[in-house]
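Please look over the sequence and the structure shown below before reading on. The paragraphs that follow lead from one local detail to the wider arrangement.

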Amino acid sequence: MSQNHVTRRRLSLRSVTTVVGITMLAAVGLTAASMVDWEETIVSLSGTTNTFDLQVAGSDDLSWTPQESSWKQGTESPEIVILANSLISPGGETKALVAVRDASPRLNAVVRLGVVPPPEPNPLFDALRFTISEGSYVYADSAPASEVSSIPLTGDITSMNYRLLTVVVSLPSDAPNSLAGLTSPLQLRFTGENE
């Protein structure tokens with residue numbers, strides 16, 4: 001009898017241990033499951049306020065400030081002619097104001113300015129010197145066109161704001177007589193990246 005009793009006790013102990021073990025595993029499984037929460041989230045993306053848009057304007061009137069009607073839309077090649085019919089004699093200069101605006105609804109712009117060389121070689125263009133400034137900050141001072149092909153403007157242009165630059169084009173006083181009567185197109189290009 002005592003042997004049967006011992007066997008039953010061992011079976012009961014095993015059964016209890018098995019039941020307790022399964023219960024503990026189930027409790028651990030339920031605890032782990034309750035710590036993970038799944039929820040469906042739907043995200044809608046709209047690019048309507050993420051457009052990037054540069055606009056340009058300019059004038060050879062040094063008292064000019066850009067008006068809403070002044071701005072021209074930037075394109076893949078955003079170029080503007082700033083001095084259409086200016087005459088410069090050796091030692092002389094001509095000035096213009098040029099503005100660039102970030103017309104993006106909310107994106108700031110990092111902008112570069114460059115003088116665009118004419119499509120055909122031009123000895124007058126090569127002799128010209130450029131001074132480009134913004135207020136008291138001077139980006140280039142009597143520099144040849146090759147040195148002003150890509151100038152980064154300081155800081156960002158914030159959304160819906162503009163920067164106004166003064167561009168002085170001069171011809172050195174020692175320019176050769178062979179330049180007399182020559183003409184040259186003169187263009188600036190603004191390029192930008194959104195921030």
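Strand 6 and strand 7 form a hairpin with 2 residues between them, and Gly135 in the turn has a positive phi of about 60 degrees. The structure is a predicted model, in which local features need pLDDT of at least 70 and side-chain atom pairs count only at pLDDT 80 or more, while totals for chains, interfaces and linings use all residues. Residues are numbered from 1 along each chain as its sequence is written, and side-chain values use heavy atoms, with hydrogens and water left out. Helices (H or I, at least four residues) and strands (E, at least two) are DSSP runs, numbered from the N terminus.

Strand 7 covers residues 137–144 and runs antiparallel to strand 6, to which 5 bridges join it. Two strands are said to pair if DSSP finds at least two bridges between them. Strands of a sheet pair through backbone hydrogen bonds, either parallel or antiparallel.

Strand 6 (residues 129–134) also has a partner in strand 9 (residues 162–170): the two run antiparallel and are joined by 5 bridges. Here Ile132 stands opposite Val167.

Strand 2 is joined to strand 1 (residues 54–59) by 2 bridges in the antiparallel sense, and Gln73 in strand 2 is the bridge partner of Gln55.

Strand 1 also contains Ser59. Is this residue, Ser59, buried or exposed? Ser59 counts as buried because its relative accessibility is 16%. The side chain of Ser59 reaches the backbone nitrogen of Asp61 at 3.0 Å. Leaving aside neighbours within four places in sequence, Ser59 is in contact (heavy atoms within 4.5 Å) with Trp64, Ala96 and Leu97.

The protein chain as a whole has 2 helices and 10 strands, which follow the pattern α-β-β-β-β-β-α-β-β-β-β-β along the sequence. Of its 195 residues, 33% count as buried. Among contacts between residues at least 6 apart in sequence, 75% join residues at least 24 apart.

Methods: Buried < 20%, exposed > 50% of the residue type's maximum accessible area, 1.4 Å probe, protein only. Polar contact = N/O pair within 3.5 Å; in protein donor to acceptor, adjacent residues only side chain to side chain.
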